Amino acid sequence: MELETTINGRRVSLTFANGEFLAETLRRYGYLSVKRGCNTGSCGLCTVWLDQRPVLSCATLTARVAEHQITTIEALQEEAEAFGRYMVAQGAEQCGFCSPGFVMTVLAMKRELSNPTPEEISHYLAGNLCRCSGYKGQMRAIQEFMEVE
Amino acid sequence: MRHLQQAVAKIDGLALVKGVPAYTSDLDLNNNVLVVKLLRSPHASALIRSIDVAAARALPGVECVLTHEDVPQTAFTLAGQSYPEPSPYDRRVLDRRLRYVGDEVAIVAAVDEASATRALALIRVDYQVLTPVLDPASALDNAELVHPESVHTNFEIGCDPSRNIAAAHAVEQGDVEAELAASPVVLEQTYHTQAQAHCMMETYRATTSLDVHGRLQVMTSTQVPYHVRRHLSRILDIPRNRIKVLKPRVGGGFGGKQTASVEIFPALVTMKTGKPARLVYSRPEAFSSTTTRHAMALTVRLGADRDGSLRAIDIHCLSDTGAYGEHAPTVFWVVGQKTLPLYARARACRYHGHAVYTNKTPGGALRGYGATQGTFALESALNELADQLGMDPAELRLKNLITPGDSHPVLSGSLPGEPARLASSTLDRCITRGCELIGWEEHYPRVQLSDTRVRGYGMAVTMQGSGIARIDTASVLLKLNEDGFFTLSHSASDMGQGSDTVINQVAAEVLEVELEQIVSSSFDLDTLPYDPGAYASSGAYVTGNAALRAAEDMKAQMRAAVARLWSLADGARVDYADGIFSGEDGQTMSLAELAQTLCSFEGMDQLVGKGTFGGETSPPPFIAGFAEVEVDLETGECVVSDYVAVVDCGTVLNRNLARIQVEGGVVMGIGLGLYEEVRHNSKGRLMTDSFMEYNLPSRLDIHDIRVVFEESVEPTGPFGAKSIGEVVCNTPAPAIAQAIANAVNAVNAVNVADVGNLPRLYFRELPITPEKVLLATLGADAAD
Ligand code: FES
Ligand code: FES
């Protein structure tokens, strides 16, 4: 199958198999930041933006993204670095495999919520698993990042 | 210090946060790579009567289908351990006998995923289904055997497959039975710890190909690249010099990737077809067909005087190693090794029992490696003993702890008749500090918040090791490049914990240069010195010590080179500080000048420093952990509202990485205590093979965690450091169990008068789910 859509601000046409999910397609087209930890919508690693809203790309059919805006962290390098500086200052990224999906969710949250409480932050990010960090360092990094800007 | 004891950012941190391609599946791009898939046993115990792969082989796009008839029948272990491995050689690549649901039946390789999946469905297997052994308690001397054939071991580990025993072991110091008989207070209880899954976010994966020289190239997400190469060489019967191993960034390991679960399958495909091959485990495969933390039943007997002086500690362990014995003997030993020495004041101690085979997902290495299970049992028993004595559990521990200068025959590095000596510990201070921070005096054992909400308090202490004493030995090479920066090569195999960063910090500290002046090389085994890998908490201590020695060697060589270039007389001094060499006559030379000269015709002497280190002892890091758990008496729901971990890891080399290690480990321990459990059904099928079924802690489950360091100085450690990676997950489960018991028990345990008159509830089986809490409290009410 084929469709036209926009990825990271560029028009692209995608060829994909019937029933293929977006995470698979994106990786095949070289958007290697997109990681998968479960492929069943329960870890958050594959989070990208669809029209500026975070979605799980492993649970989004590629066929549904025609004429939409897809954003991966490859297009948000400056913002990711700005947040990333707080993350590395905490040591909160360890293996880093969960990071792209986590950062995409954090950056979306920043656009959506102003002055969120720690509870609101935790709820927004509840679907993003991390086995390494224990979550607390991520929270400290987020709070510093949200306050500074 | 310039770089150490500071919060230095991980050298790969920013790149990983920004999502740069760094992991195995990011780097193995090749349009012609074959997709490998495995057919797995649907039965917990079965024999293959016949297997028909004709239709699968005939399918277009299928390049190769392999069964037990097509692969080498060498016996081996997949455990990533130094040779001779203690683990039994009890597996084959593919076997006619299938020992658990998920055991490999056949290997398929095809041009794409869809063809490989279709081919799997076309394989016809006639199984003779056998009765599985599922309950470890009845595995011993069961009529059904998991391994009816004999099993090779490299040395005596007590393996007896004719009794379903994978390993057996006993150590005793003093006369435990006599001390117990003489003890006025005796406690005996049995504790159960469950199988836990690693759940690293990147599942197991490897990609293989033949390189330009026809060597087998294996890119793999592993903690043990050198051991992987040795295993492959043995199984495939090709010399190690024909195998090249590449280790990219690893998306988490936690001990899981200390077992070579996947590499052999694509490697076989590449050897058979000459083509590149890739195997990526799905999440269900990662759950069902790799390894778990060994489930254990531990019976603890304690004997004490009325004043709380321990007389005897006896721990008997039954460990469930599942279908194969990867790490079965060593995890088993560590249970005793990393618990008994804690209480060196006890006059006698013993650890004994065995690890049994069952027809389930194999046990293996998981952060804590037996110490976690042993700590749960021993520390829970200590807490119960404190209740029996009417004593503060903190005081009971302080009375019996090992202190620096004490020796103990079970401490790692001990030789017969020569018990190892503890050189550093601040555990007593860790306990006192933790009591202050959690408010032990005011709050222990419980604070009633309302009729239905109670906060309970609990504690535990623990130790681990730093590397494997007298065995694991690592090397570091340090090259001075032509414009004055260094390349530091090692194979410590960073899996996210930050060893690449910490090892660089140690070298930069010695060499007195900026961190950026040292580049880390840890990818291609062809260019790296030997290192057993990332396990046994060895990174900072073992490889860190090797880095320290390599940097000192480099510094000495540089000074000598400067002396030669200046044609100084023997014994003339060359000083070095902050990248500048200076002589007695006021001459100076920069590091960059020296490097350029040495790489040119004029100097003609490329410098390479080296350091090798293996520990005679395995200095234990210590933690005192304190839990505050809020219990809802109506629902049984337990929330760890506050956790305090006070840590002695020697000198803290990197403040932020050490803190995160503690926080991550504590959360893994909370998972073990309250949430996580690998469960099988009555037929041996895994019921928890997704994140929907397996209850991994999410950020909503985690509340306050406070980490404090009480640094000691370990004389054998690099700049005084000990390890941190594993010790961190041991205290939560027993501390939480005690806190919950304290919350639900109406008895105030420090009130001596009440003790013995009222029944007390304890939680001796992990995980402590709301159902268990409710059942226990209902049962207690009914008994009143
Ligand atoms: S991979 Fe998409 S949610 Fe886990
Ligand atoms: S950093 Fe490893 S899973 Fe989050």
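This is a predicted model: local features need pLDDT of at least 70, side-chain atom pairs count only at pLDDT 80 or more; totals for chains, interfaces and linings use all residues.
**View 1. The interface between chain A and chain B.**
Chain A puts 47 residues into the contact, and chain B puts in 51 residues. Together the two chains bury about 3,900 Å². Carbon and sulfur atoms account for 60% of that area. Six salt bridges are counted between chain A and chain B. Polar contacts link 21 residue pairs across the two chains, with both residues at pLDDT 80 or more.

**View 2. The side of chain A that touches chain B.**
Which elements of chain A give two or more residues to this side? They are helix 2 (77-90), helix 3 (99-112), helix 4 (118-124) and helix 5 (136-148). Helix 2 of chain A supplies the largest share, nine residues. Sorted by class, this side of chain A holds 20 nonpolar, 18 polar and nine charged residues.

**View 3. A salt bridge between B:Asp26 and A:Lys35.**
Here the side chain of A:Lys35 meets the side chain of B:Asp26. The N to O distance is 3.0 Å. The count of salt bridges between chain A and chain B is six.

**View 4. Helix 2 of chain A against helix 17 of chain B.**
Helix 17 of chain B spans residues 655-675. Its axis and that of helix 2 of chain A come within 7 Å. The two axes cross at roughly 80°. Angles of 65 to 115 degrees count as roughly perpendicular, so helix 2 of chain A and helix 17 of chain B are roughly perpendicular to each other. From helix 2 of chain A, the contact uses A:Val88, A:Ala89 and A:Gln90. From helix 17 of chain B, it uses B:Asn656, B:Arg659 and B:Ile660. By class, this contact has three nonpolar, two polar and one charged residues.

**View 5. Two cis peptide bonds in chain B, at B:Pro445 and B:Pro767.**
B:Tyr444 and B:Pro445 are joined by a cis peptide bond, with omega at about 5°. B:Pro445 sits in the loop between helix 13 (440-443) and strand 20 (446-448) of chain B. A cis peptide bond also joins B:Leu766 to B:Pro767, where omega is about -5°. B:Pro767 belongs to the loop between helix 18 (732-744) and helix 19 (770-783) of chain B.

**View 6. A:Asn115 and its positive phi.**
Where does A:Asn115 lie? This residue is in the loop between helix 3 and helix 4 of chain A. Phi of A:Asn115 is near 50°. That is a positive value in a residue other than glycine.

**View 7. The surroundings of B:His352.**
B:His352 is part of strand 16 (residues 348-357) of chain B. Leaving out residues up to four places away in sequence, B:His352 touches B:His169, B:Ala170, B:Asp314, B:Ile315, B:His316, B:Cys317 and B:Phe332. With which residue does the side chain of B:His352 make a polar contact of 3.0 Å? The partner is the side chain of B:Asp314. B:Trp333 is 19 residues from B:His352 in sequence. In space, C-alpha to C-alpha, B:Trp333 and B:His352 are 8.7 Å apart.

Conventions
Residues are numbered from 1 along each chain as its sequence is written. Chains are lettered from A and ligands numbered from 1 in the order in which they are written. Side-chain values use heavy atoms; hydrogens and water are left out. Contact means heavy atoms within 4.5 Å. Buried area is the accessible area (1.4 Å probe) that two parts lose on being put together, summed over both. A salt bridge is a side-chain nitrogen of Lys or Arg within 4 Å of a carboxyl oxygen of Asp or Glu. A polar contact is a pair of N or O atoms within 3.5 Å; within protein, one must be able to donate a hydrogen and the other to accept it, and residues adjacent in sequence count only if both atoms are side-chain atoms. Helices (H or I, at least four residues) and strands (E, at least two) are DSSP runs, numbered from the N terminus. Ala, Val, Leu, Ile, Met, Phe, Trp, Tyr, Cys and Pro count as nonpolar, Asp, Glu, Lys and Arg as charged, and the others, Gly among them, as polar. Axes are lines fitted to C-alpha atoms, for helices over the stretch in contact, and angles run from 0 to 180 degrees between N-to-C directions. Angles under 35 degrees count as roughly parallel, over 145 as roughly antiparallel, 65 to 115 as roughly perpendicular and the rest as oblique.
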